[in-house]
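Please look at the sequence and the structure shown below, and keep both in view while reading the report that follows.

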Amino acid sequence: YEAPGYPPASTALPPLPMTAQTLGPKLPKSPWLAMVLSLFPGLGQVYNGQPSKAFIFFFGWVGSIYGAAEINPFPFAFLIPFVYFYNIVDAWRSANAINARFLGAGVLPEQDETFESPWWGGSLVALGLVILLHNLGWLNLSALSRYWPLLMIGAGGVFLWSSLRRGRR
């Protein structure tokens with residue numbers, strides 16, 4: 001039986017409007033905004049509440065440009081795009097990690113490190129000391145340019161050691 005003036009029973013109801021309740025909680029960080037802000041190195045990290053990372057990425061990028069122009073084009077010219085794109089990827093991943101923690105996912109295995117690790121501050125201090133020593137004339141970075149592969153060997157050793165240590169746990 002269909003009452004006069006009413007639509008037939010087989011007619012579907014119109015969809016409900018999208019509201020905040022139907023979409024879930026508002027996430028604290030937008031990965032897309034963090035990524036777009038990182039087009040200027042460090043701004044995405046500032047947006048994510050990670051000022052130490054922001055300084056490292058900004059000064060790493062500027063230092064790479066300076067090194068390519070004043071010290072030796074290689075490896076510094078290679079570091080410019082590496083630091084730039086890693087900064088963008090890091091802002092995206094950090095925003096997603098912040099959102100995951102907000103939603104109660106806890107710490108994901110690949111995000112085991114803290115967001116503001118002492119390593120970021122230590123890196124900034126080390127970078128500042130190297131530049132200061134160079135500016136004071138106590139360290140000639142252009143004379144050290146042939147030894148830059150030692151940095152890669154050291155960094156690779158640290159990554160390998162930490163990976164093996166995590167594998168044992």
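Trp-92 has a relative accessibility of 27% and therefore counts as partly exposed, a term for values between the limits for buried (under 20% relative accessible area) and exposed (over 50%), found with a 1.4 Å probe on protein chains only. Trp-32, by contrast, counts as exposed because its relative accessibility is 57%. The model is predicted, so that local features need pLDDT of at least 70 and side-chain atom pairs count only at pLDDT 80 or more, while totals for chains, interfaces and linings use all residues. Residues are numbered from 1 along each chain as its sequence is written, and side-chain values use heavy atoms, with hydrogens and water left out.

Rings of Phe, Tyr and Trp (its six-membered ring) are said to pair if their centres lie within 6.5 Å, and the pair is stacked if the planes are under 30 degrees apart, edge-to-face if they are over 60 degrees apart, and tilted otherwise. By this rule the count comes to ten aromatic pairs. Trp-32 and Trp-92 form one that is edge-to-face, with 5.0 Å from centre to centre and 80° between the planes. Because Trp-32 lies in helix H2 (residues 31–37) and Trp-92 in helix H5 (residues 73–102), this pair ties together parts that are 60 residues apart in sequence. Ring pairs also link Phe-40, Phe-55, Phe-58, Phe-59, Trp-61, Tyr-84 and Phe-85 into a cluster.

A ring can also have a charge over it, which here requires NZ of Lys or CZ of Arg within 6 Å of the ring centre and within 35 degrees of the ring normal. The charged end of Lys-29 sits in this way over the ring of Tyr-47, 4.8 Å from its centre.

The protein chain has seven helices and zero strands, where helices (H or I, at least four residues) and strands (E, at least two) are DSSP runs numbered from the N terminus. Of the 169 residues in the protein chain, 22% are buried.

How do the axes of helix H4 and H5 cross? The axes, which are lines fitted to C-alpha atoms over the stretch in contact, with angles from 0 to 180 degrees between N-to-C directions, come within 7 Å and cross at roughly 165° for H4 (residues 51–71) and H5. That makes H4 roughly antiparallel to H5, since angles over 145 degrees count as roughly antiparallel, under 35 as roughly parallel, 65 to 115 as roughly perpendicular and the rest as oblique.

Phe-76 is found in helix H5 and, with a relative accessible area of 22%, is partly exposed. Leaving aside residues up to four places away in sequence, Phe-76 touches Gly-63, Ser-64, Gly-67, Ala-68 and Ile-71, where contact means heavy atoms within 4.5 Å. Residues 24 or more positions apart account for 56% of the contacts in the protein chain with a separation of 6 or more.

| Pair | Apart in sequence | C-alpha to C-alpha |
|---|---|---|
| Gly-128 and Phe-59 | 69 residues | 9.1 Å |
| Phe-76 and Ser-145 | 69 residues | 9.7 Å |
| Lys-26 and Leu-103 | 77 residues | 9.9 Å |

Gly-128 has its place in helix H6 (residues 118–135) and counts as partly exposed at 38% relative accessibility. Lys-26 is in the loop between helix H1 (20–23) and H2, and at 72% relative accessibility Lys-26 counts as exposed.
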